[in-house]
Amino acid sequence: MPLTTEQEHRNLVRRHRKARVFARFCAAVTWSGVLLLGVLLYQVSIDGFGWLDWQFLDSFPSRFPERAGIKSALVGTVWLIGLVAVISIPVGVSTALYLEEFAGKGRIAKVIEVNIANLAGVPSIVYGILGLAIFVRYLALERSLISGALTMSLLILPVIIIASREAIKTVPQGIRNAAYSLGATKWQTAWSHVLPASFPGIMTGVILALSRAIGETAPLIMIGALTFVAFLPEGPMDSFTALPIQIYNWVSRPQEEFHELAAAGIIILLAVLLIMNATAIYIRNKTERRLK
Amino acid sequence: MTQERETDTPVAEIQDVPRAPASIKKSGIRWGEFLIKGWLGLCAFVSIATTAAIVILLLSETLNFFETVSPGEFFLGTTWTPLFEPSSYGVLPLMWGTLIVTIGAAIIAIPTGLASAIYLSEYASDKVRRIIKPVLELLAGIPTVVYGYFALTFVTPLLRSVIPDIQVFNALSAAIVVGIMILPMIATLSDNALRAVPESLRQGAYALGATSYEVTTRVVVPAGLSGVMASFLLAISRAIGETMAVTLAAGQTPNMSLSMFESIQTMTAYIVQVSLGDTPTGGIAYQTLFAVATLLFVITLVINIVSQVILNRFREVYE
Amino acid sequence: MSESPEIAMAEEQALGMHRKSVLELRNVSIFYSEKKAVNDVSFNIRRNKITAIIGPSGCGKSTLLRCLNRMNDFVEGCRVDGELLFANENLYGKDVDPVEVRRRIGMVFQKPNPFPKSIYNNIAWGPLINGYKDSTDELVEKSLKQAALWEEVRDRLHDSALNLSGGQQQRLCIARALAMEPEVLLMDEPCSALDPISTARIEDLMFELKEKYTIVIVTHNMQQAARISDYTAFMEMGDLIEFNVTKRIFTRPAIKRTEEYVTGRFG
């Protein structure tokens, strides 16, 4: 039954209104997410800013909030990330190279690929348990930096592998063909051409993976990073604490001052992460512009 | 027709070009290449070894656990007090805690995440995208302990001013914060899924006189549905595995109350609680760690696999 | 179909010289998984001559070319039957090292693919990784001169190769291949992505290169084949329809199908 022009017109008006409302709703929702981030950062800043001074950066944790600082946590984090980088970058990039350049499309490659995708989704606390059982207990590495670093490396390895593979895939096949046709082996081609070309993409992925590692707390708790560390680690076998652990410790205390200390620690942590992410985005933008 | 086999004169006689060795046969193994390929393969093997280690470890300790505690008591019991006397090993309260936090987070994150994704892919200009995408990445990169802090110092007091009965440690606070945490994930992945829908589908619908609302809800989202649903599943899996925010915000009281205003304990929070305490190795309490971890691992694994299957079907349709 | 040796030999003897073959194809068939792309092809590649392989799209000419330097090894599921004889060996023999093959049989591709490095390093890289120990400066200059590119780039050898025009990039790729001093140079539709002027320059280049190198060129441009090649193989749907001296193929082809193709009746 055809509608009269009057009815059609009213119908259309209603439909257009609905569309406008919907569009505005989606926009509002999205921008409130942005607003939320702003609120979160603002909250943290006003809570913690007052505690940020050189004494804070230079002191060890203490029962007295006025004397407490994040020196040991900061140094611990630096040690930890350094070790994680040294372990996970070669292994991760090597795996990505193997899968993209050497392995072909057979069964084994497919199994490894699915396996890595699954590992990427395993909760971080399970990695913590793995680290506890294998590195701390079985290999008797105790609650040391190296245990933490190995555990974290396993955690971020899938992230590095997946990001590196993506970067390697963008290298045009023509370059490889040219190299092979000159009598180069697969490794010569990978080393001289594929790796340099995919380097920026790999760097971006590595930076993002490491920034994930910096913020992870659960695995470190599992392997026993201590929460009251009044010394600086001097070698990989030393026990340690890290920024997120220290923050967690302070947050879980009832006193208000410790919450504010935690906020100060969070500011430091977020500042570090912001710098790392900004670097990664900068590298990514520079590469994308170059390719255009 | 037969052809005579012609003998090969050394090329140097005809061309005045210095020649490489005449044979194209293999002259021994290229050791460098062999060793490097070995190293690369070994690295690739690390990922397999990791999975194997996780599976073997969790399974063996869980089997040990089930020698003491029956699976029936574990899976069907409703009291969880493994660290006290009298000890009881029913894991349902922990699963319940995880469930209500996850569902609460999903209720918050799924509609808003999807709405954001729709806005980003269908309505937002490039300039707006360039602002919002990095913001989403930032939100996604914030460590979970920061969200725990946010829950305790901002969300909970806010809730308490509105709902006077609410406890200091409560499930709602945790659910809100976890929801905020997984929102960027849903937004980004769904945005990718919706953008992958071919423009021709949209244009066909517009050409029939549909409004943007109708095109989006009846054409684009259904077309990108598998990618969108996969993003939901991945986000839920992430929420289930979330540790620090729930530990800080929701407390350590395993119970099966229906109220979100009370303290509960999730599976992950329990694991943290045990490892922060002094649990002797080998005791039954130590083994509960692995039993709960195995449960967590299996649940997240199943969800991840399902989402991958859905995603693969999604790729087939467009490629 | 195989060539007619009597005709070919007669032509050569008329020229008074006796050439030898660098590459001999005997009953070569190429499969992609179960699909047969090239069917029982036999002909010879003569030294210091340009052999062109022509035919309509999809006839298998590029596939055949890529087997001559074992580049098809990189395609999953590609299988080669028959013999390809080079330097007294079957290219696909059991003990043959494909890397060695590619050192001696070079290739220029359809789309110019210079490395994102300097012009100098593009040319020096191949020889260096293969153990070249002498002066790379001389090698680079010699190769660029052979490719008729030296005068244009001598002042900017360390600029990025990607700054060159399309035609220059392709000549760079030729120079790069020549730096390896291959016995055979394979060219897979080298001019199809270039403008007519660049194309003409490269065709002139090929006449000069013929003195020192053996060239096999795949082209969908019949006029190009007629202009520059000495021998032509005409393929269709994986079969070798006819192989002969170029002049014969284009003036008095022995097979009707060949005549139909070269007169533009199809393809």
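Modeller: Domain bounds come from an automatic or database domain assignment. For chain A, that assignment gives domain 1 (5–51) and domain 2 (56–291). This is a predicted model: local features need pLDDT of at least 70, side-chain atom pairs count only at pLDDT 80 or more, and totals for chains, interfaces and linings use all residues. Residues are numbered from 1 along each chain as its sequence is written, while chains are lettered from A and ligands numbered from 1 in the order in which they are written.

Take the two domains of chain A. Over C-alpha atoms, the centres of domain 1 and domain 2 are 35 Å apart. Seven residues of domain 1 touch eight residues of domain 2, where contact means C-beta atoms, placed from the backbone, within 7 Å. On the domain 1 side there are three nonpolar, three polar and one charged residue. Here Ala, Val, Leu, Ile, Met, Phe, Trp, Tyr, Cys and Pro are nonpolar, Asp, Glu, Lys and Arg are charged, and the others, Gly among them, are polar.

Now the helices inside chain A. Helices (H or I, at least four residues) and strands (E, at least two) are DSSP runs, numbered from the N terminus. Helix α3 (residues 71–102) of chain A and helix α8 (residues 186–215) of chain A cross at roughly 140°, and their axes come within 9 Å. That angle makes α3(A) oblique to α8(A). Angles under 35 degrees are roughly parallel, over 145 roughly antiparallel, 65 to 115 roughly perpendicular, and the rest oblique. Axes are lines fitted to C-alpha atoms, for helices over the stretch in contact, with angles from 0 to 180 degrees between N-to-C directions. The crossing of α3(A) and α8(A) is right-handed. A crossing is right-handed if the near helix is turned clockwise from the far one by less than a right angle, and left-handed if anticlockwise. From α3(A), the contact residues include A:Ile81, A:Val84, A:Ile89 and A:Leu97. From α8(A), they include A:Val194, A:Ile202, A:Val206 and A:Leu210. In total, this contact has 14 nonpolar, one polar and two charged residues.

Next, the meeting of the chains. The contact takes 63 residues from chain A and 65 residues from chain B. Helix α1 (residues 5–48) of chain A gives the most to the chain A side, with 18 residues. That side has 43 nonpolar, 17 polar and three charged residues.

One helix pair spans the chains. Helix α10 (residues 243–251) of chain A packs with helix α5 (residues 144–162) of chain B at about 15°, with axes 10 Å apart. That makes α10(A) roughly parallel to α5(B). Their crossing is left-handed. A:Pro244, A:Ile247, A:Tyr248 and A:Val251 meet B:Val145, B:Gly148, B:Tyr149 and B:Leu152.

Last, chain B itself. Chain B has twelve helices and two strands. From the N terminus, the order is α-α-β-β-α-α-α-α-α-α-α-α-α-α. Of the chain B contacts with a separation of 6 or more, 74% join residues 24 or more positions apart. Helix α3 (residues 92–123) of chain B packs with helix α6 (residues 171–195) of chain B at about 35°, axes 6 Å apart. α3(B) and α6(B) make a right-handed crossing. Their contact has 21 nonpolar, seven polar and two charged residues.

How values were computed: Contact = placed C-beta atoms within 7 Å.
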